[in-house]
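Subject: Two-chain model for your review

Dear colleague,

Please find below the structure I promised to hand over. My notes on what was found in it follow.

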Amino acid sequence: MKIIVAIKQVPERDAQIRIDAQAKWIEESGLQYALNESDAYALEEALQLKEKHGGEVVVLTAGPERVGPTIREALAKGADRAIHINCADLGARDALGVARLLAAAVKPENPDLVLTGLQSDDLGQGQTGVILAELLDLPHSSLILHVDKTDSGLTVKRELEEGWFKLIELPTPAVLTIQSGGNKLRYATLMGIKRAKAKEVRTVTAAELAVDAAPVVILERVALPQKQKSTQMIPGNPKEAAAALVEKLKFEARVL
Amino acid sequence: MSGIWVVIEERDGHVSRSSWEAVAAGQKLAALTGQAVNAVVIGAKTEGLAAEVATKALGKVVRIEHPLLAAYTADGFTLALQQFFAVEKPEYAVFPHTYQVRDYAPKLATRFGQALIGDVTAIADGPVFIRQLMQGRLNGSYRHTGNGPCFVSVQAGAFRADEAQAGAAPVSVFTPTIEPAQIRTKPGERFRGTAQTVDLGAAQRIVGVGRGIKDAANIPLAQELATALGAELGASRPICDNGWLPMERQIGSSGQTIAPRLYLALGISGAIQHLVGIKGSQCVVAVNKDPDAPIFEVADYGIVGDLMEVVPALTEAVKAAQQ
């Protein structure tokens, strides 16, 4: 099975966020970046499918030069090769524009399966995989926790709300968006890191893919959220704060 | 292009709560734009659902009905709505931001060369659509600039279901053309993962654990506090993903919805998937090392500090208060 995993590099979860001078996005200088969490699960699912059924795992990402280490990390975990769509204006493209880039890179590869994470930790739109399926004219399913290969295609476990699940059968080739938590993530081994250095990373520029980049949806401005409640912050060392909080829960909020 | 169409979702034979919220969002959009607001229901048998929807202040209610729409599939729902919208040419299409909508609305929008503005929390003049970024740490203002319908889905709880205004709407039927071969996926019946033995929904006090607990070995610290409070222990998704607590203790959109008198969030940053599950809590207390964590925006009381120090101190203080 030939599997393409579309991954995204995003700011680290704990990164300090500062809004940029134009209030259009966050200040990117000095930010630490990491592999998007659900994309890590998509990669893990791909690697496990390859271990069971053989084949090839190709990672695909769009982004500027800084995505290099994230590609190396995926290769070190076991992906066979990578395609980097070098794109400095990723943030100016909407979900459809980004999916168009990815689709243009996927098409000539003719994969049996395309996996992506469910959503990115930065924009959180959760649309890339679904749009990609439509652009490639492939069946898809989203929020997938488990993938089984069958004689006729795949049986996947889809998460629903409030603890419910559904099994869905679909033919291959197909696109799946993977939910976090379905597998245990592996770490890159020293040997893996060493081997990754020799693996192929093919770079293609966004311009070469020649897709429509004009956005139909624009992010005009970002702002810090306003508080929904007036939060009483309780100062003091842990012992003082704990005593003051219990006092307030008992006599002010009356919930103890 | 004209009009606003709200796409209604069914839950257990009735209009889902989040669909009423989407109706309220559609009416808000109608007030801002001066457009008429209508609704569609989709399925194989939609008469009852349409009758429910027709009790609201809507221009029209349309039943999109076809035997192949009995079970939800992305292919079927996309095809049906594509054909309907091709006729109606709406200016706006409004959806509840459910797992089902996330599965097909981006596909539908793509057919019209548009992109969904998903998980919207507010609609302002313009119209400008507000949605959260960076795990709830930022708000983004989005505007639709495309030449085609504007597709929007609204976050659960962002609009009030009881604000959907009452009225009486005429009902009509639209029959899409769907061939069995066009539906490529085959869904099974829904099922529960494991028997739910923990009903967090009924608990009066809950202690929730998040990433800030750092290690499985630290879970007992939270358990001791829960025991002292007579509280149930719950967790955010990553804790259950890691297997540090069982899945049945997960709070949030993919886990349980809670409504306790007291919810104590330990090391939970407050991603929206968690916050939608705790909305019914009467009193929320947050302990987190990051003073900018979004959880503090919804908390009544907050302590900024190290869980390893604050949690044992809280356990002691609770025990002392009980003596």
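Two strands are taken to pair if DSSP finds at least two bridges between them. Helices (H or I, at least four residues) and strands (E, at least two) are DSSP runs, numbered from the N terminus. The structure is a predicted model, in which local features need pLDDT of at least 70 and side-chain atom pairs count only at pLDDT 80 or more, while totals for chains, interfaces and linings use all residues. Residues are numbered from 1 along each chain as its sequence is written, and chains are lettered from A and ligands numbered from 1 in the order in which they are written.

Contact between the chains

Two residues are in contact if their C-beta atoms, placed from the backbone, lie within 7 Å. On that basis 67 residues of chain A and 71 residues of chain B take part in the contact. The elements of chain A that each supply at least two residues to its side include helix H3 (95–106), helix H4 (128–136), strand S7 (140–149), strand S9 (164–170) and strand S12 (217–223). H7(A) gives the largest share of that side, with 10 residues. By class, the side of chain A that touches chain B holds 38 nonpolar, 13 polar and 16 charged residues; Ala, Val, Leu, Ile, Met, Phe, Trp, Tyr, Cys and Pro count as nonpolar, Asp, Glu, Lys and Arg as charged, and the others, Gly among them, as polar.

Strand pairing also links the chains. S9(A) pairs with strand S12 (residues 186–192) of chain B in the antiparallel sense, over five bridges. Within this pair, Glu169(A) stands opposite Lys186(B).

Helix packing

Axes are lines fitted to C-alpha atoms, for helices over the stretch in contact, and angles run from 0 to 180 degrees between N-to-C directions. H7(A) packs against helix H9 (residues 307–322) of chain B at an angle of about 45°, and the axes are 8 Å apart. H7(A) is therefore oblique to H9(B); angles under 35 degrees count as roughly parallel, over 145 as roughly antiparallel, 65 to 115 as roughly perpendicular and the rest as oblique. The crossing of H7(A) with H9(B) is right-handed. A crossing is left-handed if the near helix is turned anticlockwise from the far one by less than a right angle, and right-handed if clockwise. Among the residues that make the contact are Ala242(A), Leu245(A) and Val246(A) from H7(A), and Val310(B), Leu314(B) and Ala317(B) from H9(B). This contact has 12 nonpolar, no polar and three charged residues.

Within chain B, helix H3 (residues 74–88) packs with helix H4 (residues 99–111) at about 40°, with the axes 9 Å apart. H3(B) is thus oblique to H4(B), and their crossing is right-handed. The residues in contact include Phe77(B) and Leu81(B) of H3(B), and Tyr104(B) and Leu108(B) of H4(B). Five nonpolar, two polar and three charged residues make up the contact of H3(B) with H4(B).

Sheets that span both chains

An open sheet of six strands runs in the order S13(A)-S17(B)-S16(B)-S15(B)-S13(B)-S14(B), with parallel pairing. S13 of chain A and strand S14 (232–235) of chain B stand at the edges, each with a single partner strand, so one side of each has no neighbour in the sheet. Inside this sheet, strand S15 (residues 262–266) and strand S16 (residues 283–288) of chain B are parallel and share five bridges, and Leu262(B) has Cys283(B) as its bridge partner.

A second open sheet has 10 strands in the order S12(A)-S9(B)-S8(B)-S7(B)-S10(B)-S6(B)-S1(B)-S4(B)-S5(B)-S11(B), and its pairing is mixed. Here S12 of chain A and strand S11 (171–174) of chain B are the edge strands, each with a single partner strand, so one side of each is left without a neighbour. On average, neighbouring strands of this sheet are turned by 35° against each other, direction ignored.

Strand S7 (residues 117–124) of chain B is joined to strand S10 (residues 150–154) of chain B by two bridges, in parallel, and to strand S8 (residues 128–133) of chain B by four bridges, antiparallel. S7(B) and S8(B) form a hairpin with three residues between them, and Gly126(B) in the turn has a positive phi of about 145°. Five bridges join S8(B) to strand S9 (residues 138–144) of chain B in the antiparallel sense, where Gln132(B) stands opposite Asn139(B).

With kind regards
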